[in-house]
Amino acid sequence: MNFLVTGGAGFIGSALCRLLARNSQDRVVVLDKLTYAGSMGSLRQICSQPNFRFVRGDIRDRQLVSALLAEEKIGIVIHLAAETHVDRSIDSPAVVVDTNVVGTLVLLEAALAYQRSLPHAEQLAFRFHHVSTDEVFGDLDASDPCFTEQSPYAPSSPYSASKAAADHLVRAWHRTYGLPVVLTNCSNNHGPFQFPEKLIPLTILNALQGSAIPIYGTGRNVRDWLHVEDHARALAIVAKEGRLGTSYNIGGQAECTNLDLVEMICDILDQKRPLPWGKSYRSLITFVPDRPGHDRRYGLDTTKIRNELGWAPRHSLRSGIENTVDWYLHNDWWWEPIRAHRYQGTRLGLENNS
Ligand code: NAD
């Protein structure tokens, strides 16, 4: 199978490419603009494999997308490219809408034209998988049941609104034009190669540097967490086997407040990299003014993907966070240049990724 992965140099896209490229029968073509969030270092492991190709380009470039689809005889598009930073979306919504909504529209138009040009059997086999977020559903109260695939959309931030708009376009291309699509909505991810401004790497790296660990508001906001390798495995399954025209929730069933999560990271670091004089990394935790419109709780019902496709996460929250902490402790070659480079920070230099 020939895959086109958009956003393959990002956090989740690169995990997916590392997984897909393991099968030498498959070909993995990445289209990525390499914005501040993309890194070739994340693809270092597979860059020189014969079944892998990287193309630097913009998903909004219709000509490039059409040429790639035809040239590489793509069978499955997995679309992850996006502006993914909630704080940045609050400060500069236009670029987020342009990439996430217009970019998805360009891909859909190119994919439909390409699919229609294929011989009948290949037309039937072609699939377009759109990767989205649980944030499209809005937020929950503590006692509310989790979101299912049928929950109404109620996005809060420009980021989640742009992802919701893209989801609707993808569904419309299925219903109106018959494009074979499948969608996934996933909860917060953690794991290797996540851009250092996001909550978990920010916490680990600030702690190691002895800097303040910022937490929005009271830290009581609840997120569901999933290890990125579990997400990548789910994406590979849904892309190939998911029921067309439908969506699947993907989550770890591992809800945790931001404060509990940060304290867990501090405790793991206390064991792995103890501070002198028995001091704890928890002493670095600093509460900062809350993000506008900050969602209280996300929680996903993942019954559908578990029952229909037999997927379940392999990492528990604790084992996933330990793995993530270990990775950052041992891979400064990847994050140090990014931290050293003065990337454009957010209002608070903090991303709760949700
Ligand atoms: P990321 O920010 O780490 O990576 C995004 C990638 O997209 C980068 O490599 C960037 O260079 C590329 N990109 C951006 N604009 C582009 C454009 N115009 N053309 C081509 N490439 C472009 O993002 P991520 O965290 O890996 O998220 C990937 C996808 O998964 C996104 O669609 C996001 O909405 C979704 N998602 C993320 C999470 C999460 O916790 N990170 C959870 C659920 C869903």
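Reader: Which helix gives the most residues to the shell around the ligand?

Author: Helices (H or I, at least four residues) and strands (E, at least two) are DSSP runs, numbered from the N terminus. Helix 1 gives the most to the shell, with 3 residues. This is a predicted model, in which local features need pLDDT of at least 70 and side-chain atom pairs count only at pLDDT 80 or more, while totals for chains, interfaces and linings use all residues. Residues are numbered from 1 along each chain as its sequence is written.

Reader: Which other elements supply at least two residues of that shell, and which residues come nearest to the ligand?

Author: A residue is near a molecule or strand if its C-beta atom, placed from the backbone, lies within 6 Å of it. Besides helix 1 (11–20), strand 2 (27–32), helix 4 (93–117), strand 5 (127–133) and strand 7 (188–190) each supply at least two. Of the 32 residues around the ligand, those that come nearest are Gly-7, Gly-10, Ile-12, Gly-38 and Ala-82.

Reader: In what order do the strands of the open sheet run?

Author: Strands of a sheet pair through backbone hydrogen bonds, either parallel or antiparallel. Two strands are taken to pair if DSSP finds at least two bridges between them. Here 7 strands form an open sheet in the order 3-2-1-4-5-6-10, with parallel pairing. Strand 3 (52–56) and strand 10 (247–250) are the edge strands, each pairing on one side only. From one strand to the next, the twist averages 20°.

Reader: How many bridges join strand 4 to strand 5, and strand 6 to strand 10?

Author: Strand 4 (residues 76–79) pairs with strand 5 in the parallel sense over 4 bridges, and Val-77 stands opposite Phe-128 of strand 5. Strand 6 and strand 10 also run parallel and are joined by 4 bridges; Asn-185 has Asn-249 in strand 10 as its bridge partner.

Reader: Which way do the residues of strand 10 point?

Author: In a regular strand the side chains alternate between the two faces of the sheet. In strand 10, Ser-247 and Asn-249 point one way, Tyr-248 and Ile-250 the other way, and all are buried. A residue is buried if 20 or more other C-beta atoms lie within 10 Å of its own, exposed if 12 or fewer, and partly exposed in between, with C-beta atoms placed from the backbone.

Reader: Where do helix 1 and helix 6 lie on the strands?

Author: Two residues are in contact if their C-beta atoms, placed from the backbone, lie within 7 Å. Axes are lines fitted to C-alpha atoms, for helices over the stretch in contact, and angles run from 0 to 180 degrees between N-to-C directions. Helix 1 lies across strand 1 (2–6), strand 2 and strand 4, at about 165° to strand 1. Helix 6 (residues 158–177) packs on the sheet, where it touches strand 5 and strand 6 (181–186), and its direction makes about 155° with that of strand 5.

Reader: Is Lys-73 buried or exposed, and is Phe-193 buried or exposed?

Author: Lys-73 is exposed, because 11 other C-beta atoms lie within 10 Å, whereas Phe-193 counts as buried, with 24 C-beta neighbours inside 10 Å. Lys-73, in the loop between helix 2 (62–71) and strand 4, has a positive phi of about 45° although it is not a glycine.
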